[in-house]
Amino acid sequence: MLQQIEGSQAMAKAVAACRPEVISAYPISPQTHIVEALSALVKSGELPHCEYVNVESEFSAMSACIGASAAGARAYTATASQGLLFMVEAIYNASGLGLPIVMTVANRAIGAPINIWNDHTDAMSQRDSGWLQLYAENNQEAADLHVQAFKIAEELSLPVMVCMDGFILTHAVEQVDVPEYEQVQKFLPEYEPRQMLDPENPLSIGAMVGPEAYTEVRYLAHAKQMQALELIPKVQAEFKEVFGRDSGGLVRPYRCEDGETIIVALGSVLGTIKDVVDQRREKGEKIGVLGITSFRPFPTEAVREVLLHAKRFIVLEKAFSVGIGGIVSSHCRAAMRGEQFICHELIAGLGGRNITKESLHRYLDKAVVDKVENTHFLDLDKSLVDAELERERLVRRSGAPAENIMRDKQDRVNAAKNLPTRKDKDK
């Protein structure tokens, strides 16, 4: 049903239409509205035959889902940021045990310093945990991906993260054709677990595996991810047949056919990039954008096929690996191994900083003629960083760096408005 609805509310309704039997979650912004709405649906009876488990932490939430899934129940949870990190041990257990749990990650920056706004640092930190990771561009795709995630997870017996940008999507009110139970029934079969604890047939799940078999067990996790590369497009096609719209899949190219420059990105920023691409196309520039929906498994061949004929590609990333640079860009470079190419890394939107069309145009004006550094931080005020490094060089007890940078930033704002700065107050 087409509704004007907040993203979180749409996700709750989409998940409810999939009829999970156990939901266990601990609230953390910006995911809270999703699980609050689901708890209300359970309490009202609109989501029947579902146990909503109140727990004391994110670790407990994932542990409860592991127990429920192992017992044969369709299980769901949601989290973000520090909450995702708190459940890391259990996240690895869920994938290692091959349990088809679906989890929403309302992407948010990781502290310290505390930051509740959006980037992809949280989910990217778990890219090697064995979970599939699907990234949504908008709330319609996020709702659709949740329905597809249950089918993918249960067919492969692997857990799936559906990643949607915190606040940008979770709290945005827009039109969403929310999947309804009757539609979902036609698409998503009754849950038939591949493994299940049964008192009549006792067995151990998660028992110790020694060196003689551990390599094979870990390779099996990789083999299943490779199976997902084939399954995800099939599920996309089945979803389109039932729902009449094209959501999900591995990648989503936009105006890439003759593109000399291709911008690669994940998540909601794709909308802004598409606007920029359209504007530059109007001026005759051959440029396109490649949205990656499936980051795990990484669609190497699909990415290579799109990038193969471009002169350069620019990877916009809302997270990065400290000490080396871009994460997604390293995957794209690997996909292009053996080919001649130019790759630029653009780190943007960290901690919720706006990614504006104006800033992207300024960057692209230089990037399309390869006059940018390999790793560029969009709208970085490097003078603030240099000032802090100089402070640390001159003063042993220089204080907390994040707070120092914030004070320096405020001083500049105050100075521009002819207001007192710290130096004025010190006098």
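Predicted model: local features only at pLDDT ≥ 70, side-chain atom pairs only at ≥ 80, totals over all residues.
1. The buried residues of α9 are Lys224, Gln225, Ala228, Leu231, Ile232, Val235, Gln236, Phe239 and Phe243. In an α-helix there are 3.6 residues a turn, so residues three or four places apart point the same way. The cover over the buried residues of α9 is contributed by both strands and helices, including β6 (132-135), α7 (139-156), α8 (181-187), β9 (251-254) and β12 (294-296).

2. Directly after the end of α9, Gly244 adopts a positive phi of about 75 degrees.

3. Strand β5 (residues 102-107) is mostly covered, with six of its six residues buried. Val102, Thr104 and Ala106 point one way from the strand, whereas Met103, Val105 and Asn107 point the other way, and burial applies to all of them.

4. Two strands may be considered together with β5. Strand β4 (residues 75-79) runs parallel to β5 and is joined to it by four bridges, and within this pairing Thr77 has Met103 of β5 as its bridge partner. Strand β7 (residues 160-165) also pairs with β5 in the parallel sense, here over six bridges, and the bridge partner of Thr104 in β7 is Val162.

Note on methods:
Residues numbered from 1 in each chain as written. Heavy atoms only, no water. Buried < 20%, exposed > 50% of the residue type's maximum accessible area, 1.4 Å probe, protein only. Pairing = 2+ DSSP bridges. Contact = heavy atoms within 4.5 Å.
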